[in-house]
Amino acid sequence: MQTTTRALVIGGGVIGVSVLYHLTRLGWSEVMLVERSELTSGSTWHAAGGFHTLNGDTNMAALQGYTIRLYKELEEITGMSCGLHHVGGVTLADSQERFDMLLAERAKHRFMGLETEIVGPGEIARIAPITNLEGIIGGLYDPLDGHLDPSGTTHAYARAARMGGATIETRCKVIETRQRADGSWDVVTDKGTIHAEHLVNAAGLWAREVAAMAGVYLPLHPMAHQYIVTEDIEEIYTRAVEHPHVMDPAGESYLRQEGRGLCIGFYEQNCRPWAVDGTPPDFGHELLPDDFDKIEDSVAFAYRRFPVLQRAGVKSVIHGPFTFAPDGNPLVGPVPGLRNYWSACGVMAGFSQGGGVGLTLAQWMIEGAPERDAMAMDVARFGPWISPGYTLPKVIENYQKRFSVSYPNEELPAARPLRSTVMYDIFSDMGAVWGQQYGLEVANFFARGDEPRHETPSFRRSDAFAATGREVMAVRRNVGINELQNFGKYLVQGRGARGWLDRIMAGKIPPPGRLALSPMLSPQGRLIGDFTISCLAPERFLVTGSYGAQAYHERWFRQNHDPDVSLENVSDRRSGFQIAGPRARDLLQACTRSDVSALGFLDVAPMTIGLCTCLVQRVSYTGDLGYEIYCDALEQRALWQQLWPAGQEFGLVPFGMRAMMSLRLDKFFGSWMAEYSPDYTAAETGLDRFVDFAKPADFIGRAAAETEQARGPTRRLVAFEVDAADADVHGYEPIWLGDAVVGFCTSGGFSHFAGTSVALGFLPVASIADGIEVQIEILGERRSARMITTPLFDPDGARMRG
């Protein structure tokens with residue numbers, strides 16, 4: 001057996017061999033895979049083998065499209081068959097909500113170049129004639145949908161990898177993983193020890209156990225999934241062409257032809273988690289006992305939707321486990337806290353996503369970053385707070401909602417509340433309707449009187465609309481208060497702190513007593529963060545950014561560590577409030593003996609407020625006169641008890657994140673993971689105005705940013721006023737110019753201050769002109785929109801800066 005390798009992949013399912021193949025494809029030939037049993041062991045061998053492009057995240061959908069296109073290439077490279085059946089597929093909608101979701105997905109597909117199509121009941125009857133169309137409004141047809149041979153595909157990946165120089169060792173069980181001081185790994189197996197520079201955990205059902213060998217918890221859990229293969233059905237085997245896939249979300253089922261019969265699988269509500277306390281070490285090519293009780297209701301629904309099933313005998317039942325992460329997406333990328341340890345786990349839809357996962361991870365390992373924003377599947381999207389106790393109910397919830405409508409404003413209830421501040425009960429008593437970010441409860445808006453304490457999910461304006469408008473106008477007219485807990489906060493200090501920040505950040509590093517806004521770039525010049533940098537002393541800084549990106553950002557900080565710099569994540573140790581609106585200064589002055597008028601825009605200073613020693617920053621994401629007031633998290637209640645009573649004189653009102661997102665649109669402020677993400681550059685988004693090209697530091701991404709600055713971006717982020725009806729832009733809606741899709745939206749909403757719908761999105765530079773008229777497709781309807789360049793509130797910044 002080979003005992004040294006550049007990269008070692010643990011796990012011989014479809015994901016492991018895809019990673020191995022893509023590593024060779026991108027240039028690494030000295031790579032190896034070990035598998036405890038035979039290739040396809042675990043979930044791969046009993047998979048139904050379906051594939052599709054439909055995914056709510058556009059980057060995931062694009063990677064699924066890549067995966068599907070790759071199969072023919074694999075066949076050409078290896079001469080092996082993947083057993084491809086490109087039969088197409090239709091997803092049914094039996095309610096307006098489901099149909100709205102399909103309309104929104106079709107709109108996304110336009111700018112992605114995917115040829116999906118909205119179809120009516122008549123067309124569905126032609127495409128999938130065995131379907132009972134009672135109650136069906138329409139559907140989404142995707143010609144790329146299909147299925148394949150899981151075993152043949154896995155072995156095709158393996159042969160392609162071997163052709164590229166890879167080694168595969170089967171019947172080789174991993175017993176222990178140990179990291180050396182240089183960051184490389186010793187992997188102890190029952191055949192000997194392998195030394196690897198990089199280690200990839202693609203262990204599937206055993207990923208939890210393999211991760212635990214390295215002292216890591218990966219949040220995933222196996223669920224028992226069941227599908228049925230029928231005996232021959234005349235309406236199927238007499239067709240001239242193969243029957244397409246049919247996804248029936250209302251019945252929580254998927255259906256396709258299998259030989260002369262049908263294969264139908266279920267995502268039942270009465271689902272069963274499997275191996276709660278760990279995957280049995282000897283499990284491999286076994287199946288679980290049949291469990292018809294749990295799918296009884298699903299089968300009854302399927303009999304009504306597809307009446308031919310009532311006359312079909314059952315040929316076989318496949319009941320086996322596969323793994324989910326809490327949100328259903330894979331866990332891919334460098335594992336925070338470890339060097340050269342990579343995750344390729346939790347890939348529930350292995351034959352839809354496996355190729356894209358392999359490509360993404362190989363690019364990450366070899367080139368330093370994937371070509372697409374991988375946040376939706378980045379293992380760092382979950383923080384160190386996550387536990388098996390949280391993962392299990394979230395995985396169950398995700399399984400149950402596999403075919404449910406996914407709304408842009410939906411807040412899922414399982415495993416909540418988990419993390420909350422001292423304000424949770426206080427705000428709940430004030431009518432707070434809660435959302436969550438990174439496990440933290442965050443107030444979305446405040447209901448009054450008989451208003452519901454729950455936001456009904458919708459693609460259209462929800463029942464939070466009135467409350468949001470009330471809070472927006474309270475901020476613009478008087479003063480509002482909002483928690484600051486949901487910021488990521490890092491204390492950076494030491495003799496090399498300023499120099500390190502100058503290298504990590506693309507923007508200007510401020511002098512003591514001042515703050516600055518700065519993008520953080522990847523070596524390729526793409527946005528990987530936008531931060532506020534506050535200089536507390538010559539070599540002491542508070543850096544704030546997205547709360548939900550803590551593990552992602554801290555991983556980058558640690559990868560670029562400077563031994564002369566101390567970095568502390570104080571996100572949950574520093575909390576406080578922001579106050580914003582024309583009376584904000586009056587309120588703050590009423591609570592402190594310091595001269596608040598001396599604090600200018602972008603100033604930062606210590607202040608005593610009531611009993612609390614605070615750090616006050618003159619800045620606000622609302623675009624209004626505002627202050628961020630930070631204190632020790634244990635003193636937050638005392639700070640509230642000072643601010644809230646004093647604020648009654650000035651009309652103080654609490655406001656939530658729904659209002660915040662409306663307020664920022666008035667100033668065209670972008671949002672992390674909407675306007676600002678690794679898909680975009682500083683020049684494209686306008687953040688290049690914060691890049692300090694004059695500073696001598698060779699900051700990360702400088703060369704790429706300077707190249708783009710010299711040639712200019714091909715697209716730019718712009719704002720639109722939209723003639724919307726009862727639905728606003730959420731993100732990824734196509735922008736039409738004439739009969740062509742020329743751009744797409746990144747986010748939007750309703751400006752309650754200006755009384756108009758607003759969208760932010762990208763247009764080609766060549767198309768940008770003052771007042772240009774376009775159309776934005778919202779839920780299948782093209783709505784007129786006009787590009788605007790003057791902010792809707794405080795256009796000259798007099799109130800914000802005054």
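**A glutamine and its surroundings**

Modeller: Glutamine 485 counts as buried, at 6% relative accessibility. Keep in mind that this is a predicted model. Glutamine 485 sits in a loop. Strand E22 (479-483) lies on one side of that loop and strand E23 (487-493) on the other.

What does the side chain of glutamine 485 make a polar contact with? One partner is the side chain of serine 575, at 2.9 Å. There is also a backbone partner. A polar atom of the glutamine 485 side chain lies 3.4 Å from the backbone oxygen of serine 571.

Now the nonpolar side. The largest nonpolar core has 76 residues. Val492, Leu501, Met505 and Phe557 touch the most other members. Strand E25 (residues 527-537) gives the most to this core, with 5 residues. Not counting residues up to four places away in sequence, leucine 501 touches Val492, Ile509, Ile533, Phe541 and Val543. A second core, of 46 residues, is separate. Its members include Ile15, Phe51, Ile68 and Phe351.

Aspartate 666 belongs to helix H17 (residues 657-666). Aspartate 666 counts as buried because its relative accessibility is 0%, and the cut-off for buried is under 20%. Which residues is aspartate 666 in contact with, leaving aside its neighbours within four places in sequence? They are Arg476, Ser751, Phe753, Pro791, Leu792 and Phe793. For the stretch 715-794, UniProt places the feature "domain: Aminomethyltransferase C-terminal", from an unreviewed entry. That span is 0% helix and 59% strand. Its end C-alpha atoms lie 27 Å apart.

The cysteines are quickly told. A search of the whole structure finds 0 disulfides. Cysteine 172 is in no disulfide, and the nearest cysteine sulfur, in cysteine 345, is 18 Å away. Cysteine 172 is buried, with a relative accessible area of 1%. Why is cysteine 535 too far from another cysteine for a bond? Its sulfur is 19 Å from the closest cysteine sulfur, in cysteine 614, whereas a disulfide needs the two sulfurs within 2.5 Å. Cysteine 535 also counts as buried, at 1% relative accessibility.

Last, a helix. H5 (residues 150-163) has 14 residues. From first C-alpha to last, H5 reaches 20 Å, close to the 20 Å expected at 1.5 Å a residue. Aspartate 149 caps the N-terminal end of H5. A side-chain oxygen of aspartate 149 lies 3.3 Å from the backbone nitrogen of serine 151. Just after H5, glycine 165 takes a positive phi of about 105°. Buried residues of H5 include Pro150, Gly152, Thr153, Thr154 and Tyr157. Ala156, Ala158, Ala160 and Ala161 are also among them. What covers the buried residues of H5? The cover includes helix H1 (14-25), helix H2 (58-78), strand E8 (167-169) and helix H9 (350-367). For residues 7-364, UniProt lists "domain: FAD dependent oxidoreductase", again from an unreviewed entry. That span is 30% helix and 27% strand, with its end C-alpha atoms 13 Å apart.

Conventions: Residues are numbered from 1 along each chain as its sequence is written. This is a predicted model: local features need pLDDT of at least 70, side-chain atom pairs count only at pLDDT 80 or more; totals for chains, interfaces and linings use all residues. Side-chain values use heavy atoms; hydrogens and water are left out. A nonpolar core is a set of buried Ala, Val, Leu, Ile, Met, Phe, Trp, Tyr and Cys residues joined through side-chain atoms within 4.5 Å. Buried means under 20% relative accessible area, exposed over 50%, partly exposed in between (1.4 Å probe, protein chains only). Helices (H or I, at least four residues) and strands (E, at least two) are DSSP runs, numbered from the N terminus. Contact means heavy atoms within 4.5 Å. The expected span of a helix is 1.5 Å times one less than its number of residues. A polar contact is a pair of N or O atoms within 3.5 Å; within protein, one must be able to donate a hydrogen and the other to accept it, and residues adjacent in sequence count only if both atoms are side-chain atoms. UniProt positions are given in the numbering used here, feature names are shortened, and annotations may be inferred rather than shown by experiment.
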